[in-house]
Amino acid sequence: MFRRRRGQPQMSWATIVDFYSRLREVAEIIGSHHDKLLGGPGKTILLDETFLTKRKYNKGRKTKTMTQVVLGIYCRDDKEGIFFLVDGKKKKDLWPRIARHCNPETSVICTDSATQYHNINKLFNDAIHKTTNHKKGEFVNKTDKLNTINPLENENRHFKKSIVSRKSEKSIIQYMALHFYRRTRLNTLKSLDAKVQMFLEDISWVFPGYGKEGLQLKKIEAPTVESEGISDMMPKTFNKKLLNALSDDDEVPFVDDEDGDPNWEEF
């Protein structure tokens, strides 16, 4: 519109889209070098998972981007949060992320009453685990007003609005990085001039100029229960092959795991 008012040739949409993609790339690269642990002594961490998209009434084709599960970790005291695309809602999908990005000295953990968060305080040295039961309409504890994950739910709302395109996993990750960059880096500055100056400095780090090597995207392997050393905290599962090989007369040991859900003991 600015070029149109001045009577200059207009830019093509391809150029505009590529320009904004480059800016998101800057936010993604800068965000990949953020290694601060969330929480700490005397601080509260909020945990919750959400869906970017869901199949309505379970109708239509299933595609890779149809259902995207996102884990949100938010520090109430620092007002900083981070989101991760995860493979599912089970403990093996969520706990490794929590173990890697949360300070083990965190004092309070707030979650809903979902099964995957049972005994989550085992990941921390001496944390108090507070829960609210959303299925019963309890979003804020009646006796403890700080026992709630509403600040993270509000952050989820802003996060979802910031994602413009969900056509590919790459675009989703870029928009996630852009949201993180805005909330944790730019929002710490009060004036618009300071924010612009910060962004220009970050651009110079990523694109320093011809013949110079800029800051590169830091690639980190996704954490697993093995890499974080929490395999012994995972629920036990049954061995399907061995179970099928057993006759009806064979006795199969049965165990009630820490979640309260019946599971076959792993042989």
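This is a predicted model: local features need pLDDT of at least 70, side-chain atom pairs count only at pLDDT 80 or more; totals for chains, interfaces and linings use all residues.

Mentor: Residues are numbered from 1 along each chain as its sequence is written, and side-chain values use heavy atoms, with hydrogens and water left out.

Trainee: How are α2 and α5 oriented to each other?

Mentor: Helices here are DSSP runs (H or I, at least four residues) and strands likewise (E, at least two), numbered from the N terminus. Axes are lines fitted to C-alpha atoms, for helices over the stretch in contact, and angles run from 0 to 180 degrees between N-to-C directions. Helix α2 (residues 13-32) packs on helix α5 (residues 169-186) at about 65 degrees, with the axes 8 Å apart. Angles under 35 degrees count as roughly parallel, over 145 as roughly antiparallel, 65 to 115 as roughly perpendicular and the rest as oblique, so α2 and α5 are roughly perpendicular.

Trainee: How do the residues of the contact of α2 with α5 divide by class?

Mentor: Contact means heavy atoms within 4.5 Å, and the residues involved include Arg24 and Ile30 of α2 and Tyr175 and Phe180 of α5. Ala, Val, Leu, Ile, Met, Phe, Trp, Tyr, Cys and Pro count as nonpolar, Asp, Glu, Lys and Arg as charged, and the others, Gly among them, as polar. The division is 8 nonpolar, 3 polar and 4 charged.

Trainee: How are α4 and α5 oriented to each other?

Mentor: Helix α4 (residues 150-162) and α5 pack at an angle of about 125 degrees, their axes being 9 Å apart. By the angle classes already given, α4 and α5 are therefore oblique.

Trainee: Which residues of α6 make the contact with α2?

Mentor: The axes of α2 and helix α6 (residues 192-206) come within 10 Å and cross at roughly 80 degrees. From α2 the contact takes Leu23, Val26, Ile29 and Ile30, and from α6 it takes Phe199, Asp202, Ile203 and Val206.

Trainee: Which elements give two or more residues to the lining of the largest pocket?

Mentor: A pocket is an open set of points on a 1 Å grid over the protein atoms alone where a 1.4 Å probe fits, with protein on both sides within 12 Å along at least five of seven lines; lining residues have an atom within 4 Å of a point. Of the 37 lining residues, the closest to the centre are Phe83, Phe84, Arg97, Ile173 and Ile220. The elements are α2, β3 (80-86), α3 (91-101) and α5.
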